[in-house]
Amino acid sequence: MSLVVYQNYVHGQSLSNDTGETFEVINPATGEVSYLVEVADEKIQQAAIESAKTGFAIWSKMTPMERSRILLKAVTILRERNDELAVIEVQDTGKPWQEASEVDVVTGADSIEFFAGLAPSIEGNQQQVGDDFYYTRREPLGICAGIGAWNYPLQIACWKSAPALACGNVMIFKPSEETPRGALNLAEVFTQAGAPDGVFNVVQGDGRVGAWLTTHEDIAKVSFTGEVGTGKKVMAAAAGSLKQVTMELGGKSPLIIFNDADVDNAVSAAMLGNFYTQGEVCTNGTRVFVQQDIYPSFIEKLLERTQKNIVCGDPMDPATNFGALISKDHQAKVLEYIEIGKEEGAHLLTGGQALRPENAPNGFFVAPTIFTQCTDEMTLSKEEIFGPVMSVLTFTDEDEVIRRANDTRLGLAAGVFTQDITRAHRVIHQLEAGICWINAYGASPAEMPVGGYKMSGIGRENGSETLKAYTQIKAVYVGMQPLESPF
Ligand code: NAP
């Protein structure tokens with residue numbers, strides 16, 4: 001049977017390349033090639049830039065209210081197509097339908113709705129200087145590039161395009177070559193909603209296409225989501241033409257559980273923060289610090305719930321709550337980290353192996369894995385694994401755990417569980433992380449700015465804060481008197 005071939009999306013429609021070059025996309029739950037995608041060759045790349053210029057000329061001149069209405073229409077379409085779009089996310093990522101149908105499209109649409117609401121309120125100010133005055137305008141940057149990771153393909157495309165488009169910019173988006181359809185679907189939705197051609201183009205391919213976006217002179221900004229190492233390359237390349245950057249990178253986040261915490265809630269957080277989306281979430285609380293006194297009861301409940309409540313298998317089965325990892329390579333990488341953990345002396349409490357569920361025997365599954373007796377020096381506690389591997393560490397006092405939690409170059413997220421409200425805030429304020437939770441983990445509403453400290457990122461996504469990163473200030477001085485001049 002011949003495979004479907006998807007193309008790039010330029011100027012409101014699919015566009016075929018000249019070279020005929022394609023790449024394969026594999027369904028992680030079956031291990032089979034599900035379709036092919038054409039690579040953005042030179043023709044596509046040039047067309048995407050020309051189209052974006054044309055789109056920008058129209059979109060940036062529309063009133064914010066007009067843009068807002070189009071974005072809100074896109075929100076309605078996304079919600080109407082929720083289930084159909086969620087299936088595609090499941091097929092591309094291997095994550096459970098249970099999650100994709102409730103979270104991926106919903107949170108993407110929420111972000112567009114949030115920024116559509118803010119668009120008409122973007123304003124400058126005016127200041128009197130004697131009889132003269134100046135005023136400021138918040139103007140769009142121009143063509144922005146979005147480069148996405150594979151864990152939340154549609155959501156990432158929404159989170160990047162929402163503030164960009166709301167501010168009057170246009171976007172050329174490159175999804176991960178492992179999950180290329182989410183962004184294509186979003187492009188179609190924007191067109192259906194009435195966005196002018198060229199407002200959101202999608203170019204397909206691997207890191208080389210991403211690298212092209214980071215160096216192109218006509219692109220004003222790059223918003224990147226991915227690994228720290230790739231982020232560094234993107235930033236260095238963007239420096240060549242002094243592009244603005246937003247960097248959403250990796251983490252090795254601490255989840256701190258004090259002895260007065262509600263243990264059941266804390267166990268829920270540890271499981272959500274390590275096993276949701278089979279562990280492929282950037283904000284995961286993979287270093288679980290448990291205060292000594294409650295360690296036995298915490299571990300008992302954690303083990304029981306992990307062994308009893310996780311249902312691994314065909315992600316489309318509504319009962320499945322734990323899916324397949326993105327690729328065979330990634331599965332191998334996660335299993336290698338597990339071997340390193342054992343070699344370095346951590347105690348493997350549960351999991352630790354690949355799984356072959358009956359209803360999806362060829363998928364890239366790794367069992368939910370918990371290591372105890374971990375130390376700060378172990379590789380498990382230092383490196384982002386991006387899979388379902390939890391490291392449990394113990395601590396005795398507050399100052400100690402804050403110091404150890406901060407002892408990393410990364411600073412994406414952090415969580416604290418305690419019933420003592422002063423301690424909760426005192427501790428959170430000292431943690432070097434951009435996304436923090438108290439007695440919660442993982443929630444990320446569109447209103448809340450998210451992004452990393454230290455090497456986990458630069459800039460923020462979501463939240464009204466982000467509008468500043470997609471506009472530039474023009475200051476206009478107005479003289480009301482004859483001009484004084486020594487000449
Ligand atoms: P990745 O390997 O860094 O890739 C990210 C994107 O960059 C992909 O589209 C990739 O293309 C592209 N790319 C690769 N080389 C490039 C280059 N030289 N120039 C420009 N683009 C280039 O990351 P990933 O494996 O897809 O995603 C997992 C990582 O993303 C984890 O570290 C995770 O923590 C992070 N993440 C962070 C957030 C956040 O909000 N902070 C959210 C989600 C994920 P190809 O893949 O097609 O080669």
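Two strands pair if DSSP finds at least two bridges between them. Strands themselves are DSSP runs of E spanning at least two residues, helices are runs of H or I of at least four, and both are numbered from the N terminus. The structure described here is a predicted model, in which local features need pLDDT of at least 70 and side-chain atom pairs count only at pLDDT 80 or more, whereas totals for chains, interfaces and linings use all residues. Residues are numbered from 1 along each chain as its sequence is written, and side-chain values use heavy atoms, with hydrogens and water left out.

Strand β5 (residues 32-38) pairs with β1 in the parallel sense over 2 bridges. Within this part of the sheet, Val5 has Leu36 of β5 as its bridge partner.

Attention now turns to a pair of helices. The axes of α2 (residues 64-80) and α6 (residues 181-193) come within 8 Å and cross at roughly 125°; such axes are lines fitted to C-alpha atoms over the stretch in contact, with angles running from 0 to 180 degrees between N-to-C directions. The two helices, α2 and α6, are therefore oblique to each other, given that angles under 35 degrees count as roughly parallel, over 145 as roughly antiparallel, 65 to 115 as roughly perpendicular and the rest as oblique. From α2, Ile70, Leu71, Lys73, Ala74, Ile77 and Leu78 meet Leu186, Val189, Phe190, Gln192 and Ala193 of α6, contact meaning heavy atoms within 4.5 Å. The residues of this contact between α2 and α6 comprise 9 nonpolar, 1 polar and 1 charged.

Helix α6 also holds Asn185. With a relative accessible area of 10%, Asn185 is buried, a class that covers values under 20%, while exposed means over 50% and partly exposed lies in between, for a 1.4 Å probe and protein chains only. When residues up to four places away in sequence are not counted, Asn185 touches Arg81, Leu85 and Ile88.

Two backbone angles complete the account. Most residues other than glycine have a negative phi. Asn439, however, has a positive phi near 50°; Asn439 lies in the loop between β22 (435-438) and β23 (453-454) and is partly exposed at 38% relative accessibility. Lys454 also has a positive phi, near 45°. Lys454 belongs to strand β23 and is partly exposed, with a relative accessible area of 36%.

How values were computed
Nonpolar A, V, L, I, M, F, W, Y, C, P; charged D, E, K, R; others polar.
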